[in-house]
Every structure is written in structure tokens, then in C-alpha cells.
Amino acid sequence: MAVARLETGDHRQPENGFVAPEPSPPKLLPQIDGSVLPFLGGFGKYQRELIVLTWIPALFIGFSQFSDYFLLAQPNSTCVHGEANWTAGPLSVTGDANGSMPGRYVYSDGTGNDTQCMCAGWKLESQTGLVQNVVTKWNLVCSSAQNVHIAKFSLLVGSIFGYLVMGVLADWFGRQPVLIISLLFMLVFGLTVAFSVNVSMFSTLRFFEGFCLAGVTLSLYVMRIELCLPDKRFSMTVAASFVVLAGQLLMPGLAALCRDWQVLQAVIICPFVLMLSYIWIFPESLRWLLSTQQYHRSKGLMYRIGRKNKVDMEVDTTGILLELERELPRKPKRTCIIKMVGTRNLWKNIVVLCVNSLTGYGIHHCFARSMMDPEAREGFHSFLADYFTMAGIAVASCLALCPAVALLGRRGGLLVFMIVTALASLLQLGLLNLIGKYSLRHDIELRDTLNKKFSVAFSIIGMFSSHAVSSLSIFFCAEITPTVIRGGGLGLVLASAGFGMLTAPIMELHNQKGYFLHHVIFACCTLICIICILLLPETRRQPLPESLADGESYARQPLLPPKRLGEQHLLLTRAETRDYSRVHDTPVRQAITSEASACEGSAATNGVKLP
């Protein structure tokens, strides 16, 4: 009896007659960090020049972001004529314009009680180096003090809406059009602010100035990230942060030179005129063009980059230009941030970073209020001490970010700084109460001194770490969000940061009532954030995701490295396309198949037809 045997070699036909197609080679154009940018010279002269061009406006952005410290600072005020028996006393002021210094607008009647304003007139003296600011020009004290809060709201609320709207537009129309349009309207509204005739006009124009400032900030941030290779992204972003902080440090000197708030506003806005040249010298992002399949525009830009980086484009050993020619007939394909809702991991990552950004900026105000001494807030020197203290803490925070991220990565660094923030907050809220309740009961003066010193120490630590959390959350989002929706994703995180800043003027508006509960809520949020950070993937030395599928496939890695070589280090591996056409059957299945084949051969020999 003849026995038919099936071949088990590489040429065996797969089961059910299915023939697996030959795997096609991976496309090179979507691999921008791995193929396209190295082919064009990597981080060459073209990229370095454009990075510097993104740093220059960062100085002007720093001026604009911290201008409220001077334009809307509450002055020292003295009652000139009063209906009550008032002693000439200063306005008890705490607070800053952007939500870092605490704020309270109360007048003292000389008896130690806070009373309503009953003076017929006030002598106002600015403490910011300006002879006149918005508050002194329109006498925004007493019943008009709420207009100061509205003016502070205006810039922040405008920025929040600007981040949300301009982020979506940057994904749909490109980074460069959003930058140029935002810049043009920034000049119009910013210069018009200097000619405001009343506080209502000032607040309205500041809203639109904040809206346009958000567009400039977001587009520059995205373009800077998309120009860099993986090993340069963080260092280039931190350098831009130092330029913004340089603007913050230069603002007191600029205010002292200008002396008047209208001149200061004009000096802050006029340098943006230099950016009008970006219409011709700053091109669209190549990464965005390739990700949205705009290959005709990409081709011209790639040749321009090659010439600038002195790359011989005629020698195409990688096949990138040949593939680009094949893809030219494709139509552009754009994506909106709403598509993020249909993903499984991407929306989770962005929401976690939004909460981190909101918590970082929100609790930063709580620490700042505890650090400032309300009893010593009189005069120009006290204002400078508070202002430069906060600026110095921000500089130290950025300096500490560099080694922390290099050693621990994005996720590890964010987790460490969030833990420090939570500890500083909980110790400040709990330890100080324990000191007052269970120790030093009889020495009240020593107890108060220790409370104040501990409070200042924990506040400085908390401001240091919360600033690092906020900055790293924004950068983390820019890396984790795909290119096709990077503007919208980054806009969400920046808007969340704006909501965190907005809590400061809200507290001022309510005269600091509920401040302790405000701090407790954000302290609880830090604990939630610590758990959520563990869900994030690590992006250090990883290429930027270009499509939604790339962003969805980012893997979550354990915090500690694998103990043994070859040990699986990914909890969720990247999605891979596997070819099972060459996988052999198991021995049991081969035996069954051979037996069935033998029966068929025997039946054919005997002329029996099997069913």
C-alpha cells in the first residue's frame, strides 16, 4: 500500500490553500528620524539656524508673559481724606499678575480690623519701578479693585482659548501660517493696548493679545521639536526655556527704564516686528508635510535642506527620493485632534499629562503664597526680592531638569519631581500644624518662628519641583503626541497649564477665602498624578510618532532596567506585523495529517471514494 507523505519543507503549501504574500519592505518616508533627516544631513546647518530663530522670539515672549507683574501690580496707597478716623496706612497687597504671588486687597483702619474703603481719595505709589501703571492711572482701588482681577483674567483666558484654537489650526493648515497670522495680530492688538482709554478697553485687548501670544508660543514650540533629532530635542527645548527666563529677569530693568506702562507695553511688543521676516526665511515643518502626505511641497523643501546642509542629493543610496517620486500622486491627508478619542492609549497619555500640567501650575501658586511674607511687602526692594526669588527658583529648576532627565528619562524625572512636590505640600500642610499643636506650647514666639522657617523652606522646595513638573509635562506631551495632531495635543496641555495659573486670580477675587482647601485639593491631585505617571511610556531617544498608529503603539516600560540580558523589558510591546506562513505544524498535527493522507492514498488504490 502506497503511502503519500506531505512535504514539511519551506515550500509546503499553507493550510486551506492560503498563500501568504511576500512581506513588502518598510517605507522610508514615514521614518523621518530614522531615514529622512539622516539622509538630509541630520542636525546640520539648516536645523541649527532655524533653532536659533526660534530662540530669539522666546525673549520677547518672556517679556509679554511676565508683563502683568508690572502693568497690574497693586501700589502702596495712602488715604488722603476719609470719612472715618483713618490713619494713613498702606494697602495690604499680596499677589502677582500671573498667579505666582498671593493676592489680597484689604485696607487697614488703624485698629487692626479690615474695613470697607471709606476714603475720598488715595495717594498711590507704584513699587515696580514704573512711575505709573494701569492701577494708578485709573485708580483701580476699593470698589474698582475687581477690575484688576478682570484684567489679570483677560491675558490668561485669552491664552487658554488661543492654545486650544491655534493648536487645531496648526495641525490643519500648518505651523508656519499659524505663526505668521498670530504674529501679525499680536502686533496689532499688543500696540493697541498701549493706547487704551479705560480699563475695559485694556482688558478686552489683553484677551486678544493673549490669544495671539499663545499661537506664537505654540507654533514655535512645535517647530523646534520637529526640527530636532531624538538626542537634541530636550537640550534645545531647555535652552529656549532659559531664554524665556532671561526675559523674566530683564523685565525689572526694562520697567525702570521705561517708567510709564504705555511705553513699557510698546517696548515689549515692538521687537516682534523683527519676526515679520520669518514669512520668507522660516519654512513649513518638513515633518508635518511628510506626515500629511504633502509630497510635492516636501520634495522642494528636501532639496532646499540638502543644499543648505551640503548633501549630494544626486546620490540616493537609501532610495528615499525614488520613494518620494512614487508617492507624489497621493492626496494630502490631514487629521484633527478629535480623532484621538478613538484611540486606546494615546488619549490616556495626553489626559495624564494635562492633569500633571494643571496640578503643577496650580500648586505652584500655593507654595508661592506661603513663601511671601505679607508683612514685608512694602517698597520697590521688597517687590524685587520676591520677583527675583521666583525667577531664581525657576532657573534652578531648569538646571536640575537636565541631569535628572538624562539619568532617569522623561517618565522617571517627572515621577521624581512630582513625588517631591507631593511631599513638600503634605509636610507643609501637616507638619506645621503638628509643631504648633504638640510642641513648643509655652514658647509661642519660638513656635511661630519655626513655623515660618519651615513654611518658607517647604515652599521653596515645592516651587522648585512644581515648576519642573509643569515644564516636563509640556515637553513630554510634545514628544508623545503624533505629528498629525501634535499642535492640538500640545494645545490641550498648555491650556491645562493656563487653567492652573488661573486659580491664582480666582483666589484673589475671593480675597483668599478657602485658600487652605485650595492647597489641600492640589495636594491630593499630586498623589493621583504619581499613580498616573506610571501609565506613561518612555520617550527618551525614541523617534517622534508621526501617525496615530505610531502614537498608539508607544510602549509602557518598567521603571527599573531588566535584571538579565534578554529579559522582556516591555509590559506592552509595540504592535508588530508577523508572518506565520513559514511556521511548521506541531508533531501531533503532522502525525494526524500524515495518517489522513495515508488513508486517502489507500482508498484511491482500492477504488473507494471517501466522503
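Which residues lie nearest the centre of the largest cavity? They are Gln65, Phe66, Val244, Tyr361 and Met501, out of 44 lining residues. Before I go on, the ground rules. This is a predicted model, where local features need pLDDT of at least 70, side-chain atom pairs count only at pLDDT 80 or more, and totals for chains, interfaces and linings use all residues. Residues are numbered from 1 along each chain as its sequence is written, and side-chain values use heavy atoms, with hydrogens and water left out.

Now the terms. On a 1 Å grid over the protein atoms alone, a cavity is a set of points where a 1.4 Å probe fits but cannot get out. A pocket is an open set with protein on both sides within 12 Å along at least five of seven lines. Lining residues have an atom within 4 Å of a point. Volume is the space filled by probe spheres set on the points, with grid points joined across faces, edges and corners.

Back to the model. It holds five cavities of 30 Å³ or more. The largest cavity has about 1000 Å³ of space. Helix H8 (233-258) gives the most to its lining, with eight residues. Helices here are DSSP runs (H or I, at least four residues), numbered from the N terminus. By class, that lining has 29 nonpolar, 14 polar and one charged residues. Nonpolar means Ala, Val, Leu, Ile, Met, Phe, Trp, Tyr, Cys and Pro; charged means Asp, Glu, Lys and Arg; the others, Gly among them, are polar.

Where does the largest cavity sit? Domain 1 (28-79 + 121-331) and domain 2 (335-436 + 446-554) both give lining residues, so the cavity lies between them. Those bounds come from an automatic or database domain assignment.

Next, the second largest cavity, at about 130 Å³. It has 15 lining residues, and Glu226, Leu227, Ser285, Leu286 and Arg287 are the closest to its centre. Its lining has ten nonpolar, two polar and three charged residues.

Last, the largest pocket. It holds about 760 Å³ of space. Of its 29 lining residues, Pro30, Gln31, Glu546, Ser547 and Asp550 lie nearest the centre. H1, H11, helix H13 (320-327) and helix H19 (548-552) each supply at least two lining residues. The classes are 13 nonpolar, seven polar and nine charged. Both domains contribute to this lining too, so the largest pocket also lies between them.
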